[in-house]
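Got the viewer open and a selection tool ready?

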Amino acid sequence: MPSKPNRKKTESQHHEPIFIVRPVSSKFGLDYLHITLIILVLVLIALAFSLSSFKPATIVKTCAYGSINGTCATPQHNSSAALKAAEKILASYSTVNSTLSLLPYYSLVNDSKVEYIADSSMWLVVVPYVNPFTNEVLNVSMLLYGSNLSLAEPYMQMIRPILNTSDYVIAPGVIKMEGHTACSYNQSMPVSLIADPYAPGTLSSIRLALNESRELGRRINMSYDFIFSDYSISKYSSFGVQATQALGQYLSCASQQSQKYGAFVGNLSKIYTGDPISNFTLYQVATGSGLNMSTFNTCMQNVSTTLDYQAKLAQFYGITSTPVFVLDCAYLSIPQTLNESMAYALNATKP
């Protein structure tokens, strides 16, 4: 009688895994499992060798102001301070008795480039400007000491400004007077033309001011202040003080009658030669221009006091060259850039 198969033995044979290792070649006695292990060992050896031969990675630093001997430079002042110092130096050129006095009003400070030269500890500031005679855009470059931001050297063989001011160029055509804040007003921004009556361009500047008043209407309140600077003083010896100053007195009192002031300046321009005009002739011009002579005569009685006040006002603003416009009690402009400065002042944020 046949025996029954052993169940436990059969189940064991059924569940135990069976590995079949095939030889690779009958010559070397290696199988695929041993070859895989050998390859794994070789990879680990190569990895260990690579790690032992690696050098520390070089960290690249980005230095905002350059480097000295591999160390980032740390200037005492930043680029904004350097540009502000350059703007003050530009404004100082307004006091130079040459065509360089036009430089601050034609500078494009918003397009300036500022660079720190680490090797010499200096700032290089390059400011574009428009040549008012050719309309060509050029550059003025300045080297500033890194310690105090004072002018080390102006390029283009420029002379240094004689008088250093605290004012600075704030926008094309506009100088911001340091220490002076914008006026407080509700509707009409105050604008003042300050001029020596004998300065070149004074009468044309008055006509320009009259045109601006007509175009802008109540947005501005134009006034006219006359001072006796070097232009007038140079005529004292030939014509006398009283005869020389008469032109300024007439211009001042006639300006109080805004409706007829344009006619007065127009008639005056027909006879003005650059020298003082007799009191008799000036009075005829005033009468022929349609001025209210009663009001005019009252003004002339106190005109000396008025002109003294205007001289102190010019001194308060630090005016050394005329004609010049003071806008909103805080900004300076020359007649050639009045449109740009007027737009800036009208759009400036009020306190």
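The model is predicted, so local features need pLDDT of at least 70 and side-chain atom pairs pLDDT 80 or more, while totals for chains, interfaces and linings use all residues. Numbering runs from 1 along each chain as its sequence is written, and side-chain values use heavy atoms, without hydrogens or water.

An α-helix has 3.6 residues a turn, so residues three or four places apart point the same way. Helices here are DSSP runs of H or I with at least four residues, strands are E runs of at least two, and both are numbered from the N terminus.

Next, pick I206, Y261 and F264, which have the most contacts inside the largest nonpolar core, a set of 44 residues. Such a core joins buried Ala, Val, Leu, Ile, Met, Phe, Trp, Tyr and Cys residues through side-chain atoms within 4.5 Å. Helix α6 (residues 241–254) gives the most to this core, with six residues. Zoom in on I206: leaving out residues up to four places away in sequence, it touches L193, Y224, F226, L251, Y261 and V265. A second, separate core has 38 residues, including A82, W123, L151 and M177.

Time for the pockets: on a 1 Å grid over the protein atoms alone, a pocket is an open set of points where a 1.4 Å probe fits, with protein on both sides within 12 Å along at least five of seven lines, and lining residues have an atom within 4 Å of a point. The largest pocket has a volume of about 890 Å³. Select S94, S101, T320, S321 and T322, the closest to its centre of the 37 lining residues.

Finish at the second largest pocket, with about 350 Å³ of space. Among its 14 lining residues, L210, S213, R214, S258 and Q259 lie nearest its centre. β10 gives the most to this lining, with four residues.

Notes: Grid points are joined across faces, edges and corners, and a volume is the space filled by probe spheres set on the points. Buried means under 20% relative accessible area, exposed over 50%, partly exposed in between (1.4 Å probe, protein chains only). Contact means heavy atoms within 4.5 Å.
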